[in-house]
Amino acid sequence: FVISRSAAKIDESWDESERVLVQGIIDAWFWEDDEIVLVDYKTDHVRNDLRELADKYRIQLEYYAEALERVTGHAVREKIIYSVRKRDFIRV
């Protein structure tokens, strides 16, 4: 996907009138009761718990959710990060 964002939403010091293109590849998503569940796989090493991944990638998943909602017209119910290394997941 590619979405256009105000530059100031990326970095507050940037000019609000400028636009920035944000692109990404969504790993997986599926329908659940007419809403979307978004899943992103991560291979990062995590020292403590999965909140590290949630904090690090929260904004990325927000962009993914926005793109899915625009394309499908349906709400994203959940955003999930699955840690391949920990073999566990966290809801963001």
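Contact is defined here as heavy atoms within 4.5 Å. The structure is a predicted model, in which local features need pLDDT of at least 70 and side-chain atom pairs count only at pLDDT 80 or more, whereas totals for chains, interfaces and linings use all residues. Residues are numbered from 1 along each chain as its sequence is written, and side-chain values use heavy atoms, with hydrogens and water left out.

With neighbours within four places in sequence set aside, Val76 is in contact with Ile36, Leu38, Ala65, Leu68 and Glu69. Val76 also belongs to the largest nonpolar core, a set of 14 residues in which Leu38, Leu53, Val76 and Ile81 touch the most other members. A nonpolar core is a set of buried Ala, Val, Leu, Ile, Met, Phe, Trp, Tyr and Cys residues joined through side-chain atoms within 4.5 Å; buried means under 20% relative accessible area, exposed over 50%, and partly exposed in between (1.4 Å probe, protein chains only). Two or more residues of this core come from each of strand E4 (35–42), helix H2 (51–72) and strand E5 (76–83). The largest contribution, 7 residues, is that of H2. Helices (H or I, at least four residues) and strands (E, at least two) are DSSP runs numbered from the N terminus. In soluble globular proteins, nonpolar side chains tend to be buried together.

An open sheet is formed by 4 strands in the order E3-E4-E5-E6, with mixed pairing; two strands pair if DSSP finds at least two bridges between them. Strand E3 (28–32) and strand E6 (88–91) are the edge strands, each pairing on one side only. From one strand to the next the twist averages 25 degrees, with axes taken as lines fitted to C-alpha atoms, for helices over the stretch in contact, and angles running from 0 to 180 degrees between N-to-C directions. E3 and E4 run antiparallel and are joined by 5 bridges. Ala28 stands opposite Val39 in E4.

Rings of Phe, Tyr and Trp (its six-membered ring) pair if their centres lie within 6.5 Å; planes under 30 degrees apart count as stacked, over 60 as edge-to-face and the rest as tilted. The count by this rule is 3 aromatic pairs. The ring centres of Trp29 and Trp31 are 5.4 Å apart and the planes are at 75 degrees, so this pair is edge-to-face. Trp29 is partly exposed at 36% relative accessibility, and Trp31 is partly exposed at 45%. Tyr41 and Tyr82 also form an edge-to-face pair, with centres 6.0 Å apart and planes at 75 degrees. Because Tyr41 lies in strand E4 and Tyr82 in strand E5, the pair ties together parts that are 41 residues apart in sequence.
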